[in-house]
Amino acid sequence: MMEPKDKSRNYPKEKTVHALFEEQVERTPNKIAIEFKSGSLTYKELNAEANRLARVLRRTGVEPDSVIALMVEKSLDMVVAIMAILKAGGAFLPIDPQFPASRIDYMLRDSNTKLLLTHSYMKADFLVSFDGEILHLDKDSFIEEEDSNLSYIGTSSNLFDVIYTSGSTGKPKGVMIEHRSVHNFIIGMTEIIPFESDYTIISLTTMSFDIFILETLLPLTRGLKIVLADPRNVHSHIGNNRIDMLQTTPSTMILMLNDAANMEMIAHLRIVMLGGEPFPPALLDKLKKITHARIFNMYGPTETTIWSSVKELTSTNEMTIGHPIANTQFHILDNNGCPPTVGEIGELYISGDGVARGYLNKPDLTGERFITPSFDIKGGKLYRTGDLGRKNDDGEFTFHGRADNQVKIRGFRIELVEIEDQLGKFPGIRECAVIAKANESGAKYLAAYYVSDKPYEASLLIRHLAEFIPEYMIPGFYLQIDTIPRTPNGKLDRRSLPDPDSSRPMLETSYVSPATAIEQKLADIWGQVLGLNLVGIHDNFFELGGNSILLSVMFAEVQKHFYDRLTLPDLFSYSTVAKLAAFISKDTEHSISVQHINGVTFPAAYFSSVSSAGDHPVFSYIMDESIVAALLEFCSLNKYDSIDVFVGTLAFVLAEECAHKNIEIKIIGQDSDYILALQTDFGTLNNMAGVFAHIHRTLRTASKECILQLNGMSRVIHRDGQLFPLIGDCDHIRNIDIRIFGLAIGVKIEGNQWELMLRYDNGRLENQKVKDLFSTYIRALKTITHIYKKG
């Protein structure tokens, strides 16, 4: 698809979003529309369920522009309820159940909603003051209702939804979006990005984030299959589905790339859409190495309906926000409301069919942000984004930060004053300020500074804020300072606030140093990820400044060293070093004592800086019969077994390649539950004959300390640059988790047909280096058997 240059588009503006869905139901009634875990609904079933619920909503008094609150977790009920609200004529107000009770209470009161759809098990402490009706989707039965389409009431100019975003007044504000704006958004997206009816799209976004519409309502008008999933545990939700399309924020994509279980899905994607925050060039480079998908950079504020511009980056590294979508215009204006000189940076204003009606019950704020310009524009309104932008010579737009103090963290729009308003209410804090900072990897986080008579434990401040604002708005760093810096005219000078340091923050828990090797390794990882020089074993990850993104980074680092059955959600449950170390060390009777297991340190050139996707590669080599005959004769003459030669030669090659005298090879036996750790010291053995004799003897007289349970290898500490080379029967080598060992040699002997194979972890190792190593091993086998046969 080519991006259209003429942005003016004709489309049936009178159609509502649910009308578009009903047309699609007629085209594909029996196709699966949505799937979640083990449940699914076809287009016909989803339509029928929504119609039944919509009739109930109509009887409660729902009419055009009625705002209906919806607070449910991700589920099939969620999608049914959204469609039912639209069919009944109302607009849905999505509320994240994870929001603090005070924020939920504010949204219900501010919106004047008189009806809440929820599940009976949801928290209800905030509902004491709610004077509207509550409908429980899991208890109230609608099965007796008629399931045919309802007669339409209202028009496309009626409200579609109300999305609350962070507010500059200290309170969130509801953005009112109309059906016609969403219809235009669907037109604009589908003429640039192929939403093919045979594609499957994964929905990762929370319902309260406006980009959720692209993952659900848009695909339902085009016949796609939707798979609902949690971004922290994607692979367990997608089942056997091949995912073709994915939309998320760059931060969440980084989170997903840190979990190796997601790599196969990402590798097979056809479409990747990232937006909501700046797209790091390093992430683009990494994605291009992992997947052949088309990659799109998306831009747009909630007030202009989800995404307002798109830039395809598949064949370019030029990072712009592209051109506006259909029936949308961008305007760069200076402080006087006039276009600046071509190429200069100004504030970005947006006009067109996507511009929202305004802010719910806030006419003054609406007047400030939705303005009538001095020049003629389509729609008559300009939305003032607060973003700084520039139009380049190709007519594309580039993003250059903000004109105010609004920030984007993990894709969420945050007004710093809203955090400051709540932090300033903490008893004892006289004044405070919050800023956005970036760590060494470029990831943004929030830092809070406060003036008080004494310092406060970070956990106290975090718990206070958690009562009022969502998790993504809670700062990860807190510092007591003497005064808040100000400019000569008395305004807060955020740039003069000190940089966060690497010292351990003040916590409720006293510092306790690591006592075991596992605790020390975990504390080192936490310090590295959080930028701290001291981490105690009882320190809470989140109170040290961690968040879900940093947790995913930490998970990736932990996985490099501890290959247990550890999942990302486990880290939320074990949020201190001590708890996580105990979890990793469970079933200690099967674990391996550190002093009994040794890795081989490989040269740095072996390790890849970019993780690869898909299955772990295998190199194989069929030995010619002459080599097999020579090897058999060599073993017969010297009373060796073939495994002695295979192991000894591998140890020799690794000793030469890694410049180590002492090499430990792991050998998997016929009972695949056990392995033998066999050390060979080339400093004490004079020749290869001595090496083979040593291996032959050790394989038959190994002490218990050298016999290890295979499942215990998952709890061995993996140090940087180390691998645990393994050798054994091909069938066993194919079934082991290669990430634990790094590389493994498989041997298959069937008569005179002998085969060697090498598996390796391509998430860590360079393909060419491993291929060269395998070639060296094969040459060494040929050379050794030839020389010693002659001798």
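1. Strands S29 (residues 662-668) and S30 (residues 674-681) form an antiparallel pair, joined by seven bridges. Across this pairing, Lys666 faces Ala677 of S30. The model is a predicted one, and the points below should be read as describing that prediction.

2. Strand S33 (residues 726-729) runs parallel to S29, and two bridges connect them. Ile667 has Ile727 of S33 as its bridge partner. S29 is mostly covered, with six of its seven residues buried.

3. S13 covers residues 294-299 and S14 covers residues 309-312; the two are antiparallel and share four bridges. Met298 sits opposite Val310 of S14.

4. Helix H2 spans residues 43-59, which is 17 residues. The distance from its first C-alpha to its last is 25 Å, close to the 24 Å expected at 1.5 Å a residue. Just after H2, Gly61 adopts a positive phi of about 105°.

5. Is H2 enclosed or open to the outside? Twelve of its 17 residues are buried, so H2 is largely enclosed by the rest of the structure. The buried residues in H2 include the leucines Leu46, Leu53 and Leu57, the asparagines Asn47 and Asn51, and the arginines Arg52 and Arg55. Tyr43, Ala48, Ala50, Ala54 and Val56 are buried as well.

6. Helices H1 (residues 17-27) and H3 (residues 76-88) pack with their axes 9 Å apart, at an angle of about 115°. That angle makes H1 roughly perpendicular to H3. The crossing of the two helices is left-handed. On the H1 side the contact is made by His18, Phe21 and Glu22, and on the H3 side by Met83, Leu86 and Lys87.

Conventions
Residues numbered from 1 in each chain as written. Predicted model: local features only at pLDDT ≥ 70, side-chain atom pairs only at ≥ 80, totals over all residues. Heavy atoms only, no water. Expected span 1.5 Å × (residues − 1). Buried < 20%, exposed > 50% of the residue type's maximum accessible area, 1.4 Å probe, protein only. Pairing = 2+ DSSP bridges. Axes fitted to C-alpha atoms, helices over the stretch in contact; angles between N-to-C directions. Parallel < 35°, antiparallel > 145°, perpendicular 65-115°, else oblique. Left-handed = near helix turned anticlockwise from the far one by under 90°. Contact = heavy atoms within 4.5 Å.
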